[in-house]
Amino acid sequence: MTSIRRGRRTRLLAAASAALLLTAACTGGESDDGKDAAAGYDPAATVTLTWWTGQTSEAQKVAEGLAADYHAAHPNVTIKTSPGAPTTDDLLTKLSAGFAGGSYPDISYAFGNWAGDLAASGKTQDLTGFVADPSFAWTEMPAAARTVATSNGKVIGVPALVDNLALIYNKKLFDAAGLAYPTDDWTWEQFREAARKLTDPATGTYGTAYSVSGSEDTTWHLWPLLWQNGGKILEGTKPAFNSEAGVKALETLRVMAVDDKSMYLDQTDEKYGPLFNSGHVGMILSGPWALLDIKDAKLDYGVTALPGVNGDHQTVSGPDLWVLFDHEDANRAGASRDFIKWLTSAQIDAKWNLAVGNLPLRSSEESTPEFAAYVKEYPGGQKFFDNLANAKQARPTVAGYEVMSRNVGDGIAKVLQGAASPKEALDEAARKSADALEN
Amino acid sequence: MALTFAATPRTRSPETPRPRSSRGRAARRSLTGWGFAGPATLLVVGLSIFPAVWAFFISRTKWNGIAPATDVGWRNYQRIATDPDAIAAAQHTLVLTVLFVPASILLGILIAVALNQKIRLIGFYRTCIFVPYVASAAATGILASFVFNPQFGAANEALRRLGLPAQQFLESPGQALIVICLIALWGEVGFCAVIYLAALQDIPKELVEAATVDGAGKWRVFRHITLPELRPVTVFTAIWQTITAMQLFDLIYTTTRGGPMNSTQTVVYYIYELAFQTQRLGYGAAVAYLLFAVTMLLTVVVIWYNRRSGSGAF
């Protein structure tokens, strides 16, 4: 009996040590060797690229069409196109599983706030020199988007989508309340006043709405207010949003939610859009992605820049990226760069972003017929395009931003539901985030 | 309800004993054994044990799933004790378990007794009670969030008809956990009822008859015969429902996502949040291991207590 026992124990030990070895292999990463991934690239080499678009249904079909066009023009480059994950949110999980298993794509869609984490993987290409080439016309893309594509001074991707927050209002509700429409010069006091007058408990109408789910949607709506008040998100790697400016920014929202009760508090991120579309919310702070649903709801709406503080109307941009990965194969790296350069060129981007209802990536696209068609279909589109100039600062691309965003979101949710004061909530969020940001 | 399986008894073909060394025979027997157990063992090792071992090593690192992991020893475990969110999550789980387990057992017994009557259409009633258990918790959650919607939901409509004030339900930090518990009960009580129903039908008729002959009324029969007979099943359901309550996730994900103000963030949801929302896989794995330890400990204690007091559930 003892021998069997011992045998079992050794087997267990062997299994455990095998697991340990595998684990070490799985959690390890590679360090950057400083060599350009595409050095010695032969444009005529036959390569197959994997492209995760992060898109579903319609947009995915457009992407497949573009990949086919590219293959027709460059027969030596085959592009395997797939959404990569069921939803864009799941891409990060898929990528991390791909890194662990050693099978990740050449090009992947990524949310801008993942940039810091992805750059830390050591598996991204360094595109700094590539985009600096004048033929790329890097500066035609909005500054905020270029900042997000850059982590620790290295460009790891190319903007795939640009957007920004602006004020969208329901004209019918303003007319019914006898109020003048918002303008680009509005202050937050005027915004609050209008929200108060639009609110009518009898008809279930709110002046404005805000998400209190505690997600990034909750958090990033605060950043423009913070910046307008002269605050900063980070100071180096230390949280700085709990400054006087941050408290003042959050207080601006608190008075509407708690004192005036003119703000619909959405626990889910998903209800305030439809409520606005059904005429129950007068004004929302949202982006160009909202225009499609508003159009479908046949709502009479207007768009203006965000209300401002002392004439500062800056907004926040949430750009998404095409991140390029290094497979230690110069031909694949070079081919994926050429493809992305083609995809984000003014000519092709008009067939991609504008065709699927997004803002154009490059300022030079304003003169294209596709842009004219876009503005005709979405009357607010021009305003959002102009508002890109107000996106002066970007969300930080540091590892740990996700954790900080969650803590700030929880803090905002508490304040807007009357459970904490702005100062307390922001201080607590800063304290909880310090550890994640610094190591 | 009883099923009988009729099987033709197989006659064993007489095996001609071949001269073989006992060693070879043992090896063959062992191989045959592994031939049967092998595939399942591979599955269990590959899909359960290996990830569990791996998770333990992850729990001793700081890792976001992307950048290289750094070893931090036991720091993740030490941090749990001082993490206010983890403590709050543990409290929510405790409240949920304390509400859910006794309620599901009591309701289960009540419904089982009711379904044990000889009345018309009993099969139909039994099916009705069991259907919510078969429905996926995700579907239950989505349906429930319609019913409990503060603006347009049926629950507030019912309250209004009764002349009671409208409630915020899942959007109020004070009520959300209780509403979730109610939804979970609706979904899970069918399981308890079916288990108890089977146990009730297993109670020997002679015992009940003997007690009745001795002059015991219905209540006394229930109190002194039925309840003690249900004891082993109760131990089983208590453990089972405790594990269910502690691992409740899909319902919370589809209704509140841990909100409002994290008031429904249970330990399991917190682990999901840590590992897959904010990419703190190391810390998330540490919390998961702690939850595993607590569940294990609880189960061991209940089984030990039960063995000591001599009932035979396990």
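This is a predicted model: local features need pLDDT of at least 70, side-chain atom pairs count only at pLDDT 80 or more; totals for chains, interfaces and linings use all residues.
In chain A, pLDDT stays under 50 over residues 28–32, a stretch for which the model has 7 contacts beyond four places in sequence, a contact being heavy atoms within 4.5 Å. Residues 19–26 of chain A also stay under 50, and for them the model has 9 contacts beyond four places in sequence. In chain B, the stretch under 50 covers residues 1–11, with 2 contacts beyond four places in sequence.

**Confidence by chain and for the complex**

The mean pLDDT of chain A is 88, with 92% of its residues at 70 or more, while chain B has a mean of 86 and 92% of its residues at 70 or more. Within chain A, confidence is lowest in helix α1(A), where the mean is 47, and highest in strand β7 (residues 166–170), where it is 97. For the complex, the predictor gives an ipTM of 0.72 and a pTM of 0.78.

The domain assignment of chain A gives domain 1, made of residues 47–163 and 318–390, and domain 2, made of residues 166–316 and 400–438. The C-alpha centres of domain 1 and domain 2 of chain A lie 29 Å apart, and 16 residues of domain 1 are in contact with 23 residues of domain 2.

Helix α8 (residues 188–198) of chain A packs with helix α11 (residues 244–259) of chain A at an angle of about 10°, their axes being 10 Å apart. Because angles under 35 degrees count as roughly parallel, α8(A) and α11(A) are roughly parallel to each other. On the side of α8(A), the contact is made by A:W188, A:F191, A:R192 and A:A195, and on the side of α11(A) by A:T252, A:V255, A:M256 and A:D259. Sorted by class, this contact of α8(A) with α11(A) has 5 nonpolar, 1 polar and 2 charged residues.

**Loop residues of chain A**

| Residue | Relative accessible area | Class |
|---|---|---|
| A:D269 | 27% | partly exposed |
| A:K298 | 74% | exposed |
| A:T46 | 68% | exposed |

A:D269 sits in the loop between β11 (263–266) and α12 (272–277) of chain A, whereas A:K298 lies in the loop between α13 (291–296) and β13 (301–304) of chain A. A:T46 is found in the loop between α1 (2–27) and β1 (47–52) of chain A. Although A:T46 and A:P75 are 29 residues apart in sequence, their C-alpha atoms are 8.3 Å apart in space.

**A separated pair in chain B**

In chain B, B:A27 has its place in helix α1 (residues 22–58), and with a relative accessibility of 41% B:A27 counts as partly exposed. B:A27 and B:A88 are 61 residues apart along the chain, and their C-alpha atoms are separated by 55 Å.

Conventions. Residues are numbered from 1 along each chain as its sequence is written. Chains are lettered from A and ligands numbered from 1 in the order in which they are written. Side-chain values use heavy atoms; hydrogens and water are left out. Axes are lines fitted to C-alpha atoms, for helices over the stretch in contact, and angles run from 0 to 180 degrees between N-to-C directions. Helices (H or I, at least four residues) and strands (E, at least two) are DSSP runs, numbered from the N terminus. Angles under 35 degrees count as roughly parallel, over 145 as roughly antiparallel, 65 to 115 as roughly perpendicular and the rest as oblique. Ala, Val, Leu, Ile, Met, Phe, Trp, Tyr, Cys and Pro count as nonpolar, Asp, Glu, Lys and Arg as charged, and the others, Gly among them, as polar. pLDDT is the predictor's confidence in each residue, from 0 to 100. Buried means under 20% relative accessible area, exposed over 50%, partly exposed in between (1.4 Å probe, protein chains only). Domain bounds come from an automatic or database domain assignment.
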